[in-house]
Amino acid sequence: MFRRPVSLSAMALGLALALSVGLRAAPQAPAAPTQAPAAQPPATPPQQGAHGEPVPPPRPAGAEQEEPPRFPAHQRPPASPELLERGKGQYAGMCSACHGADARGGQLGGPNLLRSQLVLDDKDGELIIPVVQKGRPGPPPMPPLPVAVDDIKAIAAWLHSLQAQGTNQGGPPPGPETELNILIGNAKAGETFFAAQCASCHSTSGDLQGLATRVSSPMALQNMWVSGGVARPRGARRAGPPRQSKPVTATVTLASGEKISGRLARLDDFLVTIVLEDGTTRTMPRKGASPKIEVQDPLTKHRELLGVLSNANMHDVTAFLSTLK
């Protein structure tokens, strides 16, 4: 048979249809398998303490961080070394006899300043200045002291530095105890001051003879004479039997005119208690100025001396007493 010729366009169309059908019928290649997740280690049960309480896991190496300070005394920025050195010297001369060389309380009964709420609340001496310059009631009473404002601020800065070094429980600052060199006064000037202020009660050839031999530490010697003998130095050697300190006595005059005298055991705004010669006690109520009470305290002169005693006077007298060997 005679066939009609096929045009080129018809041939191209047929080829395209054949290719299209072949592509649709061809199987799809499988997708590349995804990487299997890494095997996870089995979960470790949380550790427990002896009583079943959960124990936190240990920190990885290099992740330790220093615990931030928790108390304001540890967060205070440090003062300059010059200011701290000045405050340390002023404190040693003016305050250590009552509050101790390390500010943790002295043998005169002064409170521990490292735990004092007033010192903890103070920032730059604003709370400490009025107490030093005006004094405060006791017991024991603190007399007003003639200290310059800048010196009190230096003392406050030094106290704050001690608090910053202390432990969280208010322990003592770290480091060994150091003996301060306080023999820097003028012995001749100290002898003059002693003659004017102390010779009416004490004698260098009597009760103070050989004092520097019995008390070899200058710091202990200074604390002892400023306190009037209350601050008994450790290890001090005495010749003969120990000297008994004179007690505080009082005479109470009742409204009836009766007078009661003896050792003063208690005195406050409401009661006064006297220990009589036979050892019995007698307690009487108080209301204002009634009854009349006259107190005889052997250490009154020493307490009054604290209000006028300068740093130079204290060092001068200590230097003089150190020569009584």
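Predicted model: local features only at pLDDT ≥ 70, side-chain atom pairs only at ≥ 80, totals over all residues.

User: In what order do the five strands of the open sheet lie?

Analyst: The pairing within this open sheet is antiparallel. Its edges are strand 4 (281-285) and strand 5 (292-296), each of which pairs on one side only. From one strand to the next, the twist averages 40 degrees. The order of the five strands is 4-3-2-1-5.

User: Which residue of strand 5 stands opposite Ala250?

Analyst: Strand 1, residues 249-253, runs antiparallel to strand 5, and five bridges join the two. Within strand 5, the residue opposite Ala250 is Val295.

User: What is the bridge partner of Thr249 in strand 2?

Analyst: Strand 2 covers residues 259-267 and is joined to strand 1 by five bridges, the two running antiparallel. The hairpin of these strands has five residues between them, and Gly257 takes a positive phi near 100 degrees there. The bridge partner of Thr249 in strand 2 is Arg263.

User: Which residue of strand 3 stands opposite Leu267?

Analyst: Strand 2 and strand 3 (residues 271-275) run antiparallel and are joined by four bridges. A hairpin of three residues leads from strand 2 to strand 3. Opposite Leu267, strand 3 presents Val272.

User: Which residue of strand 4 stands opposite Val272?

Analyst: Strand 3 also pairs with strand 4, in the antiparallel sense and over five bridges. Their hairpin has five residues between the strands, and Gly279 in the turn has a positive phi of about 95 degrees. The residue of strand 4 that stands opposite Val272 is Met284.

User: At what angle do helix 10 and helix 12 pack?

Analyst: Helix 10 spans residues 218-227 and helix 12 spans residues 311-321, with their axes 10 Å apart. Helix 10 is roughly perpendicular to helix 12, and the crossing is right-handed. The packing angle is about 110 degrees.

User: How many residues of the contact between helix 10 and helix 12 are nonpolar?

Analyst: Helix 10 contributes Pro218, Leu221, Gln222, Trp225 and Val226, while helix 12 contributes Met314, His315, Val317, Thr318 and Leu321. Three of these contact residues are polar and none is charged; the nonpolar residues number seven.

User: Which helices are included in what covers the buried residues of helix 12?

Analyst: Helix 12 is largely enclosed by the rest of the structure, because eight of its 11 residues are buried. The buried residues are Met314, His315, Asp316, Val317, Thr318, Ala319, Phe320 and Leu321. The cover over them includes helix 3 (81-94), helix 8 (187-197), helix 9 (211-214) and helix 10.

User: Is Asp151 buried or exposed, and which residues does Asp151 touch beyond those up to four places away in sequence?

Analyst: Asp151 belongs to helix 7, residues 149-165. The cut-off for a buried residue is under 20% relative accessible area, and Asp151 counts as buried because its relative accessibility is 15%. Not counting residues up to four places away in sequence, the residues touched by Asp151 are Arg86 and Gln90.

Conventions:
Residues numbered from 1 in each chain as written. Heavy atoms only, no water. Pairing = 2+ DSSP bridges. Axes fitted to C-alpha atoms, helices over the stretch in contact; angles between N-to-C directions. Parallel < 35°, antiparallel > 145°, perpendicular 65-115°, else oblique. Left-handed = near helix turned anticlockwise from the far one by under 90°. Contact = heavy atoms within 4.5 Å. Nonpolar A, V, L, I, M, F, W, Y, C, P; charged D, E, K, R; others polar. Buried < 20%, exposed > 50% of the residue type's maximum accessible area, 1.4 Å probe, protein only.
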